Amino acid sequence: MKTTIGFLLYFTLFSVFSITSFGQNTTNKMGDFDTAFQKFKAYYEQELKQEGIVGSSFVFLKDNKVLAHDYYGSANLEKNQPVDENTIYHWASNTKPFTGIAIMQLRDRGLLKLDDPVIKYLPELKAVHDPYGDMSEITIRQLMNHSSGFRGRTFPWNDDKEWQPFEPQEFSQIVAMLPFTEILFKPGSKFSYSNLGIVFLGQIIERLTLDDYEVYIDKNILKPLEMYHSYFDATPYYLLNHRSHSYYIENGKRTTGRFDANSGITVSNSGLNSPLPDMTKYLNFLIGGSSKSEIYDVVLKRSSLEEMFHQTIAAPLDANGNSGFTTGIGLNFFLDERNGETYLGHGGDQNGFISYIEFNEKKRTASILVFNTNLILPNNTPPEKDMVGKLRKAVRQLHESVN
């Protein structure tokens, strides 16, 4: 067993450190944040260099305005391509909240209810063995908050051999495994992260809308939010020059991840690729703002989005399997309630890419931390040796520095 460690973040627009012009209209004490960010930037880049991280980006927002951003290292070592504002990262499980937003859209349109049984839309799931009751008791809501009892992985094995597909490419492959699939605990009784459960949400979206998942999300979320350089799986030819490669580091040895891996039928839990300027538009939607409220409400009315932010069940681990940053989960969003503040977000970890998105709805602050390098540490590595954990705590301190 190994513990996978991820990395950081980045953004757009001006050059590397233009805090004053970015933050002119915000309410925080700029001097305090300026000092806090300079300390963070030095610490962030020091840690990345020390661990040999190939590339990373970071962005911090307040009131829909970028206060700070930083780009580090290379997007492609072979081409000597630096990370910049247009670098496209793979966002892995940060795709899942988009799936949740789509489900809420369909709910608001009267096409489903969150407490509907999943087999109402996916009757194939009747073949699953449920020792705790009938499969009709598992609901859409339980898929969204990872309390359904389905296993964590999409495939039931973890060989990761080169001849095996990156992920199942057809839903028929999932269906073939259903008679050999078992519900692991009483549905609704606890949190247990399940990629397989999100695959089922993607199938529900496709069957109700008659669109491929990627097409539906593009038409109903990406395009309205003007995320024009975001896409799923294989990179369009005209964006290839901006696509980041990915890397692994283990025992000081660096290897390269698969390029443009196809997430197949698991696209609804891990298929998104996007540059930081687009992901910043998504963050602004999550924070909300009166200047674009009409557009945001077209995507999802604010009350429905905030419904996703309310805790439904305790969650001891975050999306990347790490403890210490999560206290609960709403509907496809994790919560961390500490010191009177609630932070919401999600993480992603796949094929060498690591990412963390976090926002504080009350303070209207948000951040993104993304890496194209996965540092693999031995199991039971102490927290003080976990670079990603240390950097995430440093990001949280940035949030706390803003009034």
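**Exercise 1.** Which element gives the largest share of the lining of the second largest pocket?

*Solution.* The model is predicted, with local features needing pLDDT of at least 70 and side-chain atom pairs pLDDT 80 or more, while totals for chains, interfaces and linings use all residues. Residues are numbered from 1 along each chain as its sequence is written, and side-chain values use heavy atoms, without hydrogens and water.

Step 1. On a 1 Å grid over the protein atoms alone, a pocket is an open set of points with protein on both sides within 12 Å along at least five of seven lines; a cavity is a set where a 1.4 Å probe fits but cannot get out; lining residues have an atom within 4 Å of a point. Helices (H or I, at least four residues) and strands (E, at least two) are DSSP runs, numbered from the N terminus.

Step 2. The pocket's volume, the space filled by probe spheres set on the points, is about 220 Å³. Its lining has 13 residues, with T280, K281, N284, K292 and Y296 closest to the centre.

Step 3. Both α9 (276-287) and α10 (293-299) supply at least two lining residues. The largest share, four residues, comes from α9.
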